Amino acid sequence: MSKTACAPRRLSGCLAEKSNLWRDENVTVILGINAFHADSAACLVVDGVLVGAVAEERLGARIKHSSAFPENAIRRLLADAGLTLRDVTHVAMARDPKANYAAKMAYVAQRPAKAVGAVIEHFRRNRKTQSTLQQLASICGEDPARIRFETVGVEHHLAHIASAYYLSPFEELTAGFSYDASGDFASAMAARCEGNRIEVLDRVTLPHSLGFFYTALCQFIGFDDFGEEYKVMGLAPYGEDRYGDLMRELVKLDDRHWYRLASGHFGMHEGGESGAVDDDRRILMGRLYTDRLRESLGEPRPRQAPLTQREKDIARSTQVRFEEAAVHCMNRLHRLVPTGRLAMAGGCALNGVANARILRETGFNEPYLQAAASDDGTCLGAAYYCWHQVLGRKERFHMKHAFWGPEYSEERLRSVAEGSGFAVRECADDAELVEAAAELIAGGRVTGWYQGRSEWGPRALGHRSILANPAIPTMKDTINAKIKRRESFRPFAPSVLKEEVPTYFEQTVDSPFMMHVVKIRPEWRERLPAVTHVDGTGRLQSVDRISNPLYYDLIEAFRRKTGIGVVLNTSFNENEPIVDTPEQALDCFSRTDMDALCLGRYVLVKPAIE
């Protein structure tokens, strides 16, 4: 039996109706946490229903991929729900230091000198985990003696799979898979899921890791900040697969293994995310490739050096081999779990090009990936693993939308709008708002769209978005140069009315969380130049009225005015985490060349430049 999600647009009513009921001593309140790791985050689950989830990077110091303890996220979630830490019955941590212990010790024994740094980091995180209870009491201003919750630790990749399967609509036999760089010393996990149970079938442990392979080549190309793998995916279509032979040597695929990395080329024991930040607030990364890779490819590109065809070709060959490995893994998984249903998560599951290819070339045709497939989503998996497998509860919850973050009051939106110094139009209702916004976008105005609760996960999906007309040929370059201030090769996503996906795309995929990159139909590529990548693809977001009503109505209004049921969608930020507060939205609008801002029902417009 599945439970129904609260309506995505407004937070207060949905929570206020239940806040008194949650004070009942028989109610189960689970606080899920991902901490001491990049993409720190927290979520709150009350009697099996998700009531909120937010990454720490959106709040507090606003450091991208923050690994700080998610104290701001925890305080915000509890406050919005009208609860305190004393109401929490279980704290679920997406970490199990005891997992894969034998594999860790064998790895250290083979590399006693080189692995010492990794061992020190391992024990540092263990000490942090052990002090979590005291830390929670401190940040919530509670007396530890009055706190009565149980703690549950869930292995990293098991939390990933749980975040996808337990939030999916699937209750029949489903294949579960997670892959990323590493977590609890594993880089991948395969599982058989059915009912409220997840059975782990296999793991891949270090040093073998598709995530490390991809990140190492990302660093070599010159994208050496944490979390820049998406740039390699965007750059790849500009290159040729000239290094395919080398990539096949680096990532070996055979019938006996999920994948194996060639020894001597990747230095995971010398690199990896450290959790520290530099003066520019970037997470510090170690180098994940060795000098042997330099012998094969030449000198790595310095970050500020121009991109050459060599880097484009390396990106292409890296992406091709990653896709081949992903398809290999999914075919192997399908033999173990023969079903069309696939619940997938992990940082590698954000590779939308590979995700679309998996649907074309394997036996899986019903995918589910929740909105935060990366490590922030493990807090969700830990919470629902606790609900289903620790507590034995069978009531399921299906995540149909991504709007689980903070929301701000109408009074605050009005105050920010009226104090902005820009011309302000207050719309009487949602119908007037979407007509006004559609008119601006159709007329070529780049428009900030700030509505309701913020998105859960790394992508803006129509509540914290910058929107534009995809039919204007210069629009991509304009936004990249004057608003996002980023590399010119990076594409923008098309948000499409769900029922019109077959009209514009060759592959019909329901992708509400923007997890698939698919081919745009040839007849539409020239008509949609701002969202059509150089290889004819687009990172699809399918939008339906039930889960995303206001955004759907906006796209529909735009379709009536232009004949096109697609808008360009990119995240509302400028080289920072996606905006959270209305003040941050106004600041981003003010300092960039955005033309208009829809702040709730308040429409702010800059004077036209003659």
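How exposed is Arg393, in terms of relative accessible area? Arg393 is partly exposed, at 28%; here buried means under 20% relative accessible area, exposed means over 50%, and partly exposed lies in between, using a 1.4 Å probe and protein chains only.

Hi everyone, a word on the model before we go on. This is a predicted model, so local features need pLDDT of at least 70 and side-chain atom pairs count only at pLDDT 80 or more, while totals for chains, interfaces and linings use all residues. Residues are numbered from 1 along each chain as its sequence is written, and side-chain values use heavy atoms, with hydrogens and water left out.

Back to Arg393: its salt-bridge partner is Glu395, with the closest N and O atoms 3.3 Å apart. By salt bridge I mean a side-chain nitrogen of Lys or Arg within 4 Å of a carboxyl oxygen of Asp or Glu. Glu395 is partly exposed too, at 26% relative accessibility.

The structure holds 39 salt bridges, so let me show you a few others. Glu432 pairs with Arg425, at 3.2 Å between the closest N and O atoms. Glu432 is partly exposed at 26%, and Arg425 is partly exposed at 41%. Then there is Arg559 with Glu556, at 2.5 Å from N to O. These two sit three residues apart in helix α19, which means about one helical turn separates them. Arg559 is partly exposed at 26%, whereas Glu556 is buried at 16%. There is also a network of salt bridges linking Asp224, Asp225, Glu228, Lys231, Arg303, Glu487 and Arg490.

Now, helices. These are DSSP runs of H or I, at least four residues long, numbered from the N terminus. Helix α19, residues 549-562, packs with helix α15, residues 430-442, at an angle of about 50 degrees, their axes 8 Å apart. That makes α15 oblique to α19; oblique is what remains once angles under 35 degrees (roughly parallel), over 145 (roughly antiparallel) and 65 to 115 (roughly perpendicular) are taken out. Contact means heavy atoms within 4.5 Å, and the α15 residues that meet α19 include Leu433, Val434 and Ile441. On the α19 side, Leu554 and Phe558 are among them.

Last stop, helix α6. How many of its residues are buried? The answer is 10 of 10, across residues 156-165, and the buried ones include His156, His157, His160 and Tyr165. Thanks, everyone!

Conventions. Axes are lines fitted to C-alpha atoms, for helices over the stretch in contact, and angles run from 0 to 180 degrees between N-to-C directions.
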